[in-house]
Amino acid sequence: MTHRPTEEPVRPHPVEAWNGSPPAPGDVDPAVLGALLHRHGWQRRGGAPGRYGRWTPPGPGGRGMSLLVPESRAFPDSDDLLGEALLALSRSGTPSAREVLVALAVPSDEIRWWRDVPTGPAGAAPWPVEEQLRTAARRMLLASALATRARAGYYGARHRRSAAAMLENALVGPAPGGRRLTAFLPVADGRPLAVRLHQALYAAREAIDYQRATGGTDAFDTAVEAGVSHELTEALVALVRGTEGARIAVEWAPAAGVPEGCAALAEPVEFSPGDLPVLREAGARYLRAEPSVPVRITGTVVRMRRSGPGGAGTVRLRVLAGAEVPHVRLSLDEEAYRIAGHAHLVGLPVRVRGRLESRGGFRRLTEASEVVPVQVDDAERDRLMKSLQETAEITAFFEEACGGD
């Protein structure tokens, strides 16, 4: 039996990102290829300045291999050199060669994580370390995706679906030994996430330094506008816990340039075990401070429960509109409970006013009032009924919904 983590890791490279064949030389900018080689640890060792460079891969595994890469298309036979270099990369077994080819296939901003983890005999690391790194990295990306939807100190269940959708095209490389991980965010739809993470990391670092120097936590209030939240502090805690330190860097796609307001060559942001108490305190503070939100929700009834044939009861709604959460629970008086039950029986959603409580992750609606069925056309009603019948959460509660009325 294999263990399935509670939170799914960022998915591996899809086959369509790079199918093993090198890109056509005419589709590759020599300057972009050179920038990517440098980023991924390749060393330029000679060549004709202004014409071409000779590049060798990092580490001992690349001995005896080198690439001739023209500096621009002005160099004669540049396509021939590019073709040979790209073919050599596709045949190379070094991880950096694969990462360069993926970055060429899908122009992407790159997020890098490093963890200084204790090692065992012969440099081995404990088995769970790689999973811990992947989980922390995904939580960090999700926190940044949430910050692109809205600014809040604590999100709970809010905006989760739309934020998770932003990670669907994220590509992730291997995490050898749980010490290093790289995620690729395609510029076309992932750049807002990369920018938010870049700004949030620096804001978190500054807020931590301010708190440790002065004892004040005010900097964490202003850091919310940069994307710092309870979710981000929790991700940083997960990344740093059990290590001697961790670093995160955001590197922009050479083909797309540097986004406005961001540093071109920013140093990795470092966090240490000494930051953990501050991060935990800030996360708890965000959790306490986020207020409840007045909402008017439209949703379909998926569960109803009460202790007897009459009186008040609790209802669970699948949210269709009015709040960025998938489900909410609410307590209703006898009349409102009866209306909700009848609406469910005839395939109608209901609309209700209340306050979305931060306690419990914005999954509970309090002060519920004005419960009314919402009229929909026959086709939409049939679709809702089919959806409810196929949902595993639906139980046989038709008699209970009527409450004997």
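**Strand and helix details**

Reply: E367 sits in strand β13, which covers residues 364-373; strands (E, at least two residues) and helices (H or I, at least four) are DSSP runs, numbered from the N terminus. This is a predicted model, where local features need pLDDT of at least 70, side-chain atom pairs count only at pLDDT 80 or more, and totals for chains, interfaces and linings use all residues. Residues are numbered from 1 along each chain as its sequence is written, and side-chain values use heavy atoms, with hydrogens and water left out.

Me: What is phi of E367?

Reply: Near 55°, which is a positive value in a residue other than glycine.

Me: Is E367 buried or exposed?

Reply: E367 counts as exposed, because its relative accessibility is 60%. The cut-offs are under 20% relative accessible area for buried, over 50% for exposed, and partly exposed in between, with a 1.4 Å probe and protein chains only.

Me: And what about phi of E370?

Reply: Phi of E370 is near 55°, again positive in a non-glycine residue. E370 is also found in strand β13, and with a relative accessible area of 52% it is exposed.

Me: Switching topic. Where is R54?

Reply: R54 is in strand β2, residues 52-56. With a relative accessible area of 37%, R54 is partly exposed.

Me: Which residues does R54 touch?

Reply: Leaving out residues up to four places away in sequence, R54 touches Q43, R44, R45, G46, G47, S66, L67 and L68. Contact here means heavy atoms within 4.5 Å.

Me: What joins the side chains of R54 and S66?

Reply: A polar contact of 3.0 Å. That term means a pair of N or O atoms within 3.5 Å; within protein, one must be able to donate a hydrogen and the other to accept it, and residues adjacent in sequence count only if both atoms are side-chain atoms. R54 and S66 are 12 residues apart in sequence and 6.4 Å apart in space, C-alpha to C-alpha.

Me: Now the helices. At roughly what angle do the axes of α2 and α3 cross?

Reply: Roughly 125°, and the axes of α2 (residues 78-91) and α3 (residues 95-105) come within 8 Å. Axes are lines fitted to C-alpha atoms, for helices over the stretch in contact, and angles run from 0 to 180 degrees between N-to-C directions. That angle makes α2 oblique to α3; under 35 degrees is roughly parallel, over 145 roughly antiparallel, 65 to 115 roughly perpendicular, and the rest oblique.

Me: Which residues make the contact?

Reply: L86, L89 and S90 of α2, with A97, V100, L101 and L104 of α3.
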